[in-house]
Amino acid sequence: MSAVSSPNSPITPVFRCAHKETARWDAERDTDTLFQNHSVEEIRKIERTTRKDIQLKKEELRQMVGERYRDLIGAADSITDMMRCCKQASDSLNSSQHLSSALLQTHKLKGTGPIQLVATQSHELMCAAVSQMKLLVGIQGKIWGSIDAMDYEQAVEHFLWAKHIVTGLCLESIVHQKSVLDSVAVILLEQWTLIKHFQATILDCCRQNLKSVNLECSAFLHSLVAMVTLDHISIREVFNEFLIGRKAAIVEVFHPSRQGASVKSQLCQLVTIIRSSLQLTALLFCRSSLQEHSRILVSINNNLQSLQEAGLEVPATPTEIEQSTVQSSYKEWLGMCTAELETGMTRLLHHIMSVKAVSSIREAIHDVLSQTCDDEMDWDDACNVVMGRKFCVWKELLQPLIFARAKVLLQGNFSKVESSFADVVRGFIDQSQCKDKSSFLWSEEDEVLGVSLTLKATGCTPHVYKFCTKFSTMLAAIVDEVNCYTTPGEKIVDKPSSAFDKYEDNNEMYGFIQERALQLTNSFLVVISELRPTVMSLDSERLLLLGQLCQGLQQHCPLLTTLSQGCRPVKLRHPLDRIGSTGRAAGDLDKVNRHQSNKVTELLHQMFTSIYREWCEWTAAQITERFSVSLLSNDDPFSCAVLNWEEVKISEETEGGNAVESVIRVPAQVG
């Protein structure tokens, strides 16, 4: 079978249409040829290709018709405007000719020639045109200067003056003889070509201004007023432009080009954008009890009035935007930004690898939200005006993501400790010398300076203590991270309503740490349980080491106890810890704290008790077996002396000086 034909193969209509010398395409004949030369699968591929080409051609035809239709509508409008202008020009020329003829006849009757009058009028028109052209040339520099100074209202005023001059010169050329202004017509067209693009430039600069992070309220107001004056849009439309600009500012923070900036600075910029957006919406677009109209409407009316008094053409005064529209639009905008924030912040926080860094980010965000400006409203008042409710940027947008990242990092630290359990315990068992515990307890050597007596008092060997120290070192990093996140600093007395309680989620963190500590203990005990059969089959003394290990963790690993208590502060009680986020009193939390700690201690106690019981049972069985064998043997002198007891008299003296004698029975010495 031959290969599938391409769309431009000789058997397709496309090829036949492209080559005029080819015979006319016959669908029936081509169909027969296809089925003769190709398989069914190849014909299906040709069919799919042909249908795809048909859809593409339909889409191209649809686009072409749409473009041609728009061009046709534009051409029709242009023709209509041209016809109207031509008619006005023709009427003006006819009127000028009649007046000129009448003036010529009048001057001829009085003996005065018309040449001098025409020359005088031409000179005046030329002088007026040249002076206005000079102003037009100078306006370009003024517009650029205003744009560079970010004074967009002034730039709009200069642009309107340029438009006014061009319109006046065009009207002069229509009313008077056209030949008078022919010399400046070329310059006029060139200058207007250079100036008219300033409209788009000023609007773009205003939109870029709306994306700024740290900008005063007055700068935003001037940009919005300039857009309304220049683009003839309503306040509702300019409010939508404002929201679009603020969302674009959020998107720019997450742009890949900002990867060089720190995560902390990016998140602080996000908080600033959200906070300032709500404040600007309340200050510019909402009415207050002390102000009948919104601030932006008052500014627009003042600007239009000043321009109108200067003789410039200005748009009609816009109407006030409804407060319900402001609230619904802002809530919709906040919903879209929330989805963008969750995606972007999750990607940014993925680069944070320690809880200390998370705590530092939380601290920086708190500082941003604690800042206040003189031209800002009270945060709760602004939220009620714009959203109709209280709104906390940290609690509703940031805290869930940041707290989740802190838990993920702590979970990773716990997982690292869990993953190293088996190797550490096996190394402990392999390196142990299986010495008799009593040899250490009754020895007078000070093997571990400073802790020897403590170890002997608790029945812990130096080898077990070394393991507990190593385990505590592994847990120290987790405790430091948790303390960095939950330890309260200086309490802010007069904090603004936009700020938040940094340690509000402490109790939730405590609960998470307690659960993970309990899970960590269970994982450790699982490792011990898996090693018990193997160790018991090799050496009973090594089984005893496992029990000593569990007992040592209970007595000489205080960080495990600290984690089982959730790393709560014990000595110092901070006012923030009295009432938790769940509303439970401090006494109830202490009960839960002790319960979790007792649960970890109980698990360890159950394990080493079980191990000791198993070792005791095995040891008792071994002694009983050996004793039974010894009793049945006549050659063992010990078995003969077991029942031989001697009486020993002990003489003592009481405190009163009286002599007291007592008799005790002791096993006889085996000779």
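Buried means under 20% relative accessible area, exposed means over 50%, and partly exposed lies in between (1.4 Å probe, protein chains only). By that rule, buried residues make up 36% of the 671 residues in the protein. This is a predicted model, in which local features need pLDDT of at least 70, side-chain atom pairs count only at pLDDT 80 or more, and totals for chains, interfaces and linings use all residues. Residues are numbered from 1 along each chain as its sequence is written, and side-chain values use heavy atoms, with hydrogens and water left out.

Figure 1. Helices (H or I, at least four residues) and strands (E, at least two) are DSSP runs, numbered from the N terminus. The accessible surface comes to about 39400 Å², and 56% of it belongs to carbon and sulfur atoms; these areas come from the Shrake-Rupley method with a 1.4 Å probe, and for residues only the protein chains shown count as cover. With contact taken as heavy atoms within 4.5 Å, residues 24 or more positions apart account for 74% of the contacts with a separation of 6 or more.

**Figure 2. Helices α9 and α10 packed against each other.** Here α9 (residues 235–253) and α10 (residues 263–285) pack at an angle of about 170 degrees, and their axes are 9 Å apart. Axes are lines fitted to C-alpha atoms, for helices over the stretch in contact, and angles run from 0 to 180 degrees between N-to-C directions. The two helices are therefore roughly antiparallel, a word used for angles over 145 degrees. On the α9 side, look for residues including Phe 239, Phe 242 and Arg 246; their counterparts in α10 include Leu 270, Ile 273 and Phe 285. By class, this contact has 12 nonpolar, five polar and one charged residues. Ala, Val, Leu, Ile, Met, Phe, Trp, Tyr, Cys and Pro count as nonpolar, Asp, Glu, Lys and Arg as charged, and the others, Gly among them, as polar.

**Figure 3. A salt bridge between Asp 204 and Arg 207.** A salt bridge is a side-chain nitrogen of Lys or Arg within 4 Å of a carboxyl oxygen of Asp or Glu, and the structure holds 14 of them. For Asp 204 and Arg 207 the N to O distance is 3.8 Å. Both sit in helix α7 (residues 198–209), three residues apart, so about one helical turn separates them. Asp 204 is partly exposed at 44% relative accessibility, and Arg 207 is partly exposed at 26%.

**Figure 4. Lys 502 paired with Glu 363.** The side chains meet in a salt bridge of 2.8 Å, N to O. Lys 502 lies in the loop between α19 (462–486) and α20 (506–538), and Glu 363 in helix α13 (residues 355–370), so the pair ties together parts that are 139 residues apart in sequence. Lys 502 is buried, with a relative accessible area of 10%, whereas Glu 363 is partly exposed at 31%.

**Figure 5. Arg 665 and Glu 647 across two strands.** Their closest N and O atoms are 3.8 Å apart in a salt bridge. Arg 665 belongs to strand β2 (residues 659–667) and Glu 647 to strand β1 (residues 645–653), 18 residues apart. Arg 665 and Glu 647 are exposed.

**Figure 6. Leu 135 in helix α4 (residues 115–148).** Leu 135 is exposed, with a relative accessible area of 53%. From Leu 135 to Ile 165 the C-alpha to C-alpha distance is 8.4 Å, though they are 30 residues apart in sequence.

Definitions and conventions
Parallel < 35°, antiparallel > 145°, perpendicular 65-115°, else oblique.
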